[in-house]
Amino acid sequence: MTQQDPSTLSTHPDPGQVPGTTAEPSPAGTIRLRVSAPLCLLGFLAVYAIAVCTPFGQRAENALLSGYGAEPAWIYDWSGAAYGSSAMPPLEQTAMPTLLVGIAVIAAVTLVRRCWWQGCAATGIVMVTLGSKELARMILPRPDLVDAHVSLIEPSFPSGHVAIPAGLALGATLVASPRIRPYATAAGMLWLAVSAGAVQATYHHRPSDVLGSTLLACACYSLAVRLLPPAAAPGVTRRPRALPAVALALSAAGALVAGARDDSVTQSLVFAAAAFLCAALFWFTTAEGSAHTARRTRPAPG
């Protein structure tokens, strides 16, 4: 069964459409950030080249890690860094259990919905994101260009703790039903923003690390959507009109709280901005995936 043109849905509402919801708008009728796998990979390489391979980038990011360690972070008690504390998934020792539970949830949804193509693609997104993260960390060195302290020269690009929520959230968005997908996207954005802010505020990662992992996950999602058969790709999604604004606002608040520190307003704002940018990339990637599917499944004229 072919899907309707989203631009037609916007001008001729579906009689069965739930009041207060809106279909995903057509790319022709709105200005949308084009997110594709090559663009994400290009952004990944640009972040690495600027932040890791230049003295300017290294000095700027190393300066963000000058402080009193993890303890001044607002999220310190939930980060697992505090003695005897329980870490918020996927930080510290919860990373592997979070990954296993997330994959199990994706598999369960796949079985219930019988969406085999989407389930395989979602699992692939998670595994390829983590695999490419490990490969990138092995082959992309961090040269010491500014005579940094020994604690600052260990390779940390990209972040594994951020790759887990980014990959799992994008995978869950792919297998979720059209009715649930907008809320799964909003929840994934918030989780990603909080995780990205927390690993920065506790000095586990730099802004480039969290952006690099998010770009890798977005590249995997964009590629998976384009490789899926048209009938299996995520179609036009009806979202409550207020959901995009609410999701972005919650992500901004989560990034600000998770990235905040008591000892530096500048660091807090930079960490929060990087975490929110991760959430925004997540949002635009899923939106562009839906728009791409709509273009592929648009009926031919006549």
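Helices α5 and α6 cross each other in a right-handed way. This is a predicted model, in which local features need pLDDT of at least 70 and side-chain atom pairs count only at pLDDT 80 or more, while totals for chains, interfaces and linings use all residues. Residues are numbered from 1 along each chain as its sequence is written, and side-chain values use heavy atoms, leaving out hydrogens and water.

**Exercise 1. Work out how α5 and α6 are oriented, and what their contact is made of.**

Step 1: Find the helices, which are DSSP runs (H or I, at least four residues) numbered from the N terminus. Axes are lines fitted to C-alpha atoms over the stretch in contact, and angles run from 0 to 180 degrees between N-to-C directions.

Step 2: Helix α5 spans residues 116–139, and its axis lies 8 Å from that of α6, at an angle of about 165°. This makes the two helices, α5 and α6, roughly antiparallel. The cut-offs are under 35 degrees for roughly parallel, over 145 for roughly antiparallel and 65 to 115 for roughly perpendicular, with the rest oblique.

Step 3: For the handedness given at the start, a crossing is right-handed if the near helix is turned clockwise from the far one by less than a right angle, and left-handed if anticlockwise.

Step 4: Contact means heavy atoms within 4.5 Å. Among the residues that meet are Ile125, Lys133 and Arg137 in α5 and Ile164, Leu168 and Leu174 in α6. By class, this contact of α5 with α6 holds 11 nonpolar, 6 polar and 2 charged residues. Here Ala, Val, Leu, Ile, Met, Phe, Trp, Tyr, Cys and Pro count as nonpolar, Asp, Glu, Lys and Arg as charged, and the others, Gly among them, as polar.

**Exercise 2. Decide whether α7 and α9 are roughly parallel or roughly antiparallel.**

Step 1: Locate α7 at residues 181–201 and α9 at residues 243–258; their axes come within 7 Å and cross at roughly 15°.

Step 2: α7 and α9 are therefore roughly parallel to each other. Their crossing is right-handed.

Step 3: Look at the partners, including Tyr183, Met189 and Leu190 in α7 and Leu243, Leu248 and Leu250 in α9. The contact of α7 with α9 has 15 nonpolar, 3 polar and no charged residues.

**Exercise 3. Describe the second largest pocket and its lining.**

Step 1: A pocket, on a 1 Å grid over the protein atoms alone, is an open set of points where a 1.4 Å probe fits, with protein on both sides within 12 Å along at least five of seven lines; lining residues have an atom within 4 Å of a point. Its volume is the space filled by probe spheres set on the points, which are joined across faces, edges and corners.

Step 2: The second largest pocket has a volume of about 270 Å³. It is lined by 16 residues, and Val105, Leu168, Ala169, Ala172 and Ala184 are the closest to its centre.

Step 3: α4 gives the most to this lining of the second largest pocket, with 5 residues. The lining divides into 13 nonpolar, 3 polar and no charged residues.

Step 4: Alanine 184 lies in α7. Between alanine 184 and alanine 172 there are 7.1 Å from C-alpha to C-alpha, and they are 12 residues apart in sequence.
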